[in-house]
Amino acid sequence: MSDSPTEKALQEFLSEAQEIVEQFNRDLLALDEQRAAGAFDPEVINDAFRAVHSLKGLSGLFGVTRMTNLSHNLENLLDSLRLGRVELQPATLDLLFEAVSLFNRIVGETAAGGSGDDGANLVEDLIARLDRVALRKEASAESSPWGGWELDASLLSVLTEYEEHRLRENIKSGRSLFRIHAAFDLMTIDKGLDELKGKLKPIGEVITYLPSAESANDQQIELDVILGAQAELRAVQEAVVGTGAVVALLPRAKSAADGRPSAMAPAASATTAAAGAATTAGKAAKGEPKRIEREEEELTLKSVAQTVRVDIRKLDNLMNIVGELGIARAGLTQILDRVKLDKSQTKLARELHHELRSLSRKLDELQAGILEVRMVPLGQVFDKLSRVVRKISRDAGKEIRLGISGADTELDKLIVEELSDPLMHIMRNCIDHGIERPEARKAAGKPEAGTISIRAEQRGNHVVIQIEDDGRGLDEQKLIKKAVERGVVGAHEARELSRRDVHNLIFLPGLSTKDVADEMSGRGVGMDVVKTNIARLSGIIDVESEPGLGTRLTLTLPITLAIIQALVIRAAGRTFAVPLNSVLESLRITQADVKTIERREVMSLRGQTLPLARLERLFRLERDDLEGVPNKQFVVVVGLAQHRIGLLVDELHGQEDIVIKSLGRALADVPGIAGATELGGKKTVLVLDVAQIVEEAVGAGGGQEAA
Amino acid sequence: MSERITFATEETYLLRQDDRRARERRGVLTFAVGGEVYGVDILSIREIIKLREITEVPRAPRFLLGVVTVRGLVMPVVDLRLRLKLDAPELGRAARILVVMHKGERYGLLVDEVRGVVRFADNQIEPPPPSLSPSEAPFLAGIARYPEAGEERMVILLSLDAVLGFEVHS
């Protein structure tokens, strides 16, 4: 297997790269939000810059040239943004978001071992466009030099471009500039400076600090810190009280707009000058690139110390071992039962019982602990979604407000991964088909911007995710018409469908997209695919809709797939496990309860007709026992997504916690079987895939006849 | 003292490699299936277990007997007699399941009896004869002859790629 050190290192690089890209994405989302609000935090651009810078370094180490090139050019653009050479336009953000997708693609292709030649063109293309933006000369900044502040030429000549830009920004937003002169001991200058900056941070932005020309003695370094703050001189003086620093307001020229006489400002000591203003978002901007790198190193060190990246397969392996321990525990319990029978061994039995109980408790804790490690917040997917929503809505020419709550709700890593595609499809459907064009919305008396809200919350052992839009709702008439045309529902039947049934028609293959998609963006994705994917995760999807008001999809998912509770049953002489989360109830019936409608077995359950299915028939199993179907039987009512059926079984063996294991690549696609699990006594038992069985049982009868 | 340096050309390099390969002796686990002796590379064998209850998997091909769990891992078990379309006499007490690793996954191979390990050089292996029946031919990687107790023996080397190269679809 691929365990060579380089391979391992590459894997680590890829997962780290992915994390950085995700961070970069979050920075961009924050910028987008701030841009819309009209003021952005320079620190966020710096963060984005740092992220891309790390990517460049990392990918260079691993020879992923495409990533290095892309990062390098992105760095240029971000640098221009940082320095205010380029203004942050929506189009520029689009380019940056495009880079995120491209990074993800490169990571994916590298992981798959491909060099991805087609991707290379995309990289080049994006780089060309990035460069065009990065080189675009900014328009306005040069026109108003220093807003009336008298700034010394010797100061301006030593400012880095970034510092100069921040200086301009601060002046533009009308803040006052202060010079703080402080002396530091040579040995402790780092500490002293940090302390001073810490005190200044709450009131303004430290734009730069420069060594003062007036050197006092060899043991000390004197610095001039230049601060921008929306504050009075006195406030700044109070902030630095006790540090021995001297604060001065920088002088303004007589022509200054506010007409403040320059005499009021203590004369700056000619050699240095200072400028300042409060930051737009309260954080002090960091200095030139060198300092940025230093900070980045600190950040990396910190994260290494606190978290460990683990291959999910290793956790699977641990889970496996815990499963084995559970079987060993069951074995011990049986031994205990035998020991108990021996009256001469009561003391031994008691001790064994005691030890077994504490073993049990610890084992449960261990199991819970491992499950917890596998949990990741849904926010990981939601971040990706916001990016996609942004892009789709721009493409579709619709304005969308996305509200997200419950991003910290946690689910098993595997489920979160598998959720991203279905959620993406749902979003696309919401935007393409749900939300109307702005004109139509206005005409309907709705706000022009459509709202999509995603809410996630934990309910017991499940997580419920609701996606709600305030669009036009489902077109019931059209759905029925389509269903009849496709022969899914008979014309007669169609009239008797409940509204819920009509809404659920969108989950049938070929019904949700085609026609509707043609008149829209043509990008519709079948909701049947979404449903299949959700069902694969043992999840349930439900839809509610109100014409003109909107549509709500509700996904209910188990928190983890690793360990599930299952009902152990026997049918046709074989033992199977049925995941308990899809079991609604189980009942005892006699042969007389089973009726047939059009040669399909059904029974009536509380006034409703419940289709029945026999595993031996579905799986074409031969009965081992000669007496055939026993008269007394059990029905396990299972339901998934929209449908429910009753499984006819011979015996119920009770519930067990099981670890579902894959049957391996060769058998992965056997329909109706989700995997296998080991019960006590080295017995391997198949776990039913209820979603597929329900589908098959329903599909085999219901729809076809209408065609 | 001047030493003349000769650079290896690609050709000489390949020749040397051939040479080395020919000298290297390969270990093959031999076993009996349906009256014939077969072998697979010993490096692909993970363990050999006694017959145990095999859980039948519906909708799988007939040669796939089902799955077993070995040390917590579930794996499909292939009945080699059925897979190779040989006669299938009753399984005796000597029957074993060979656990093999193939492309990162484990599989069980049901055999009538395990014989032992034989080592031979690559150049002792012949390509499979063309006269074989078409049903069996794709599974064979070659035939090796080796002397044992003064007699020449023959073992048919199986191609795991072919034996395990099946997929089950709906």
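Residues are numbered from 1 along each chain as its sequence is written, and chains are lettered from A and ligands numbered from 1 in the order in which they are written. Because the model is predicted, local features need pLDDT of at least 70 and side-chain atom pairs count only at pLDDT 80 or more, whereas totals for chains, interfaces and linings use all residues. The model scores ipTM 0.79 and pTM 0.47.

In chain A, helix α11 (residues 312-341) packs against helix α12 (residues 346-373) at an angle of about 165°, the axes being 10 Å apart. Helices (H or I, at least four residues) and strands (E, at least two) are DSSP runs, numbered from the N terminus. Axes are lines fitted to C-alpha atoms, for helices over the stretch in contact, and angles run from 0 to 180 degrees between N-to-C directions. The angle therefore makes α11(A) roughly antiparallel to α12(A), a term used for angles over 145 degrees. The crossing of the two helices is left-handed, that is, the near helix is turned anticlockwise from the far one by less than a right angle. Residues of α11(A) in the contact (C-beta atoms, placed from the backbone, within 7 Å) include A:L315, A:L318 and A:V322, and those of α12(A) include A:L359, A:L363 and A:I370. The contact comprises 17 nonpolar, 5 polar and 2 charged residues. Ala, Val, Leu, Ile, Met, Phe, Trp, Tyr, Cys and Pro count as nonpolar, Asp, Glu, Lys and Arg as charged, and the others, Gly among them, as polar.

Elsewhere in chain A, strand β12 (residues 563-571) runs antiparallel to strand β20 (residues 651-659), to which 7 bridges join it; strands pair if DSSP finds at least two bridges between them. A:I564 has A:I658 of β20(A) as its bridge partner. β12(A) also pairs with strand β13 (residues 574-579) in the antiparallel sense, over 6 bridges, and A:A566 is bridged to A:P579. The hairpin of β12(A) and β13(A) has 2 residues between the strands, and A:A572 takes a positive phi near 50° there.

In chain B, 5 strands form an open sheet of mixed pairing, in the order β3-β6-β7-β5-β4. β3 (45-50) and β4 (64-70) stand at the edges with a single partner strand each, so one side of each lacks a neighbour in the sheet. Neighbouring strands are turned by 30° against each other on average, direction ignored. Within this chain, β5 (residues 73-79) and β7 (residues 105-111) pair in the parallel sense over 3 bridges, and B:D79 has B:L110 as its bridge partner in β7(B).

How values were computed
Parallel < 35°, antiparallel > 145°, perpendicular 65-115°, else oblique. Contact = placed C-beta atoms within 7 Å.
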